[in-house]
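Please keep the sequence and the structure in view while reading.

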Amino acid sequence: MIEILSLYHPIPAVEQQYFRSLTQSSTFKKGDYLLFDGEVQEELYLIKSGVAYLFLELEHRNKVIDFAYHNRFCADLASLSTQTPAQYCIQCLEDSEVERISFQY
């Protein structure tokens, strides 16, 4: 995760090491949800393998908002940044490996 963030802004080595200590790796199965609408997004995800999608749940179909795949971040950013209920769901379309970091850090 820190490698991707470093592309946008230089991060000193000491801070990179600290940031790495705060991230965790997780695996999710196809069909697993990373977020349900109404929940507060508490973690930022980076997809290392697999695919997830962010969607709005409607009565008769889902409206796709975005896809996340290798080295793409995945979150309801409004919910994450304001710590308010999410408007969207995030679901894995494939078995996925992700890096995650908690909002509290």
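A residue is called buried when its relative accessible area is under 20%, exposed when that area is over 50%, and partly exposed in between, as found with a 1.4 Å probe on protein chains only. The model is predicted: local features need pLDDT of at least 70 and side-chain atom pairs pLDDT 80 or more, while totals for chains, interfaces and linings use all residues. Residues are numbered from 1 along each chain as its sequence is written, and side-chain values use heavy atoms, with hydrogens and water left out.

Serine 79 is buried, with a relative accessible area of 1%. This residue belongs to helix α3 (residues 77-82); helices (H or I, at least four residues) and strands (E, at least two) are DSSP runs, numbered from the N terminus. The side chain of serine 79 comes to 2.8 Å from the backbone nitrogen of glutamine 41.

Strand β8 (residues 96-102) is mostly covered, as five of its seven residues are buried. Two strands pair if DSSP finds at least two bridges between them.

| Strands | Sense | Bridges |
|---|---|---|
| β1 (residues 24-28) and β8 | antiparallel | five bridges |
| β3 (residues 43-49) and β8 | antiparallel | six bridges |
| β2 and β7 (residues 89-92) | antiparallel | two bridges |

In β8, serine 96 stands opposite phenylalanine 28, and glutamate 97 stands opposite serine 49. Tyrosine 33 has glutamine 91 in β7 as its bridge partner.

An open sheet of four strands runs in the order β2-β7-β4-β5, with antiparallel pairing. Each of the edge strands, β2 (33-35) and β5 (62-68), has a single partner strand, so one side of each is left without a neighbour in the sheet. Neighbouring strands of this sheet are turned by 30 degrees against each other on average, direction ignored; the axes are lines fitted to C-alpha atoms, and angles run from 0 to 180 degrees between N-to-C directions.

Which element gives the largest share of the lining of the largest pocket? Strand β5 does, with four residues. This pocket holds about 160 Å³ of space. The lining has 14 residues, and those closest to the pocket centre are Leu54, Asp66, Phe73, Cys74 and Ala75. A pocket is an open set of points on a 1 Å grid where a 1.4 Å probe fits, with protein on both sides within 12 Å along at least five of seven lines; lining residues have an atom within 4 Å of a point.

Definitions and conventions: Grid points are joined across faces, edges and corners, and a volume is the space filled by probe spheres set on the points. A polar contact is a pair of N or O atoms within 3.5 Å; within protein, one must be able to donate a hydrogen and the other to accept it, and residues adjacent in sequence count only if both atoms are side-chain atoms.
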